[in-house]
Amino acid sequence: MSDVVSGIREAILSGRFVPNQRLIEADLSEEFAASRAGVRAALAELAGEGLIERVQNRGARVRAVSLAEAVEISEVRMVVEGLCAAKAAARATEADAAELREIGEEMRAAVASGDVLGYSRLNERLHRRVREISGQKTAAGVLERLRAQNVRHQFRLAVHPGRPQTSLPQHLDIIEAIAAGDPDAAERAARAHLRSVIEALPEVERAAAP
């Protein structure tokens, strides 16, 4: 069943399955070479993660996250990302600091060359490494679920004109605070970054409206 779960999850995260799209068990069973029972169990697990929703008498569909919910998710992320940044600053080795600074330099280069998608991938990599360095497995699990639910809003934000130039110095502040071993500064920097995300979400939503 784990292959079915990961397959459907990846299709949602990549945008192949879009918000409000119906997920038909027979089609999924054929696509992922799984039994109907396996697909049903996979959908139940993904519903628990908040990626899909069950509609009475209509089966399952990809859950659409509203702007208001995206803001709430980002508010929770602000607190938990701050915790992870602080923990990472307390635990980071010289090798960890060097790796984070290298990611920061790659982010600078991506912004300078206008590589928006490359910058988005580096953004995700940086946040993942901070979570890993923090050693906070519970917080990391929470953030992974929140990221999955908010993936479309995050992608729109990542490619919004001018956003990389705004977020780059925020990410560099997080990196430097962690590298300096300053938990308080790392937490402040992470919270400031997420506060900027929250402030940008309404503008991004308006820009994406038909």
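Predicted model: local features only at pLDDT ≥ 70, side-chain atom pairs only at ≥ 80, totals over all residues.
On the H8 side, the contact is made by His153, Arg156 and Leu157; H10 contributes Val197, Ala200, Leu201, Val204, Glu205 and Ala208. Sorted by class, the residues in the contact of H8 with H10 are six nonpolar, one polar and two charged.

The sheet is considered next. Three strands, in the order E1-E3-E2, form an open sheet with antiparallel pairing. Strand E1 (22–23) and strand E2 (52–55) stand at the edges, and each has a single partner strand, so one side of each is left without a neighbour in the sheet. Strand E1 runs antiparallel to strand E3 (residues 59–62), and two bridges join them. Within this pairing, Leu23 has Ala60 of E3 as its bridge partner. Helix H3 (residues 36–49) packs on the sheet and touches E1, E2 and E3. The direction of H3 makes about 115 degrees with that of E2.

Arg131 lies in helix H6 (residues 116–134). Its relative accessible area is 9%, which is under the 20% limit, and Arg131 therefore counts as buried. When neighbours within four places in sequence are left aside, Arg131 is in contact with Cys84, Gln136, Ala140, Leu143 and Glu144.

Key. Residues numbered from 1 in each chain as written. Heavy atoms only, no water. Pairing = 2+ DSSP bridges. Helix = DSSP H or I, 4+ residues; strand = E, 2+ residues; numbered from the N terminus. Contact = heavy atoms within 4.5 Å. Axes fitted to C-alpha atoms, helices over the stretch in contact; angles between N-to-C directions. Nonpolar A, V, L, I, M, F, W, Y, C, P; charged D, E, K, R; others polar. Buried < 20%, exposed > 50% of the residue type's maximum accessible area, 1.4 Å probe, protein only.
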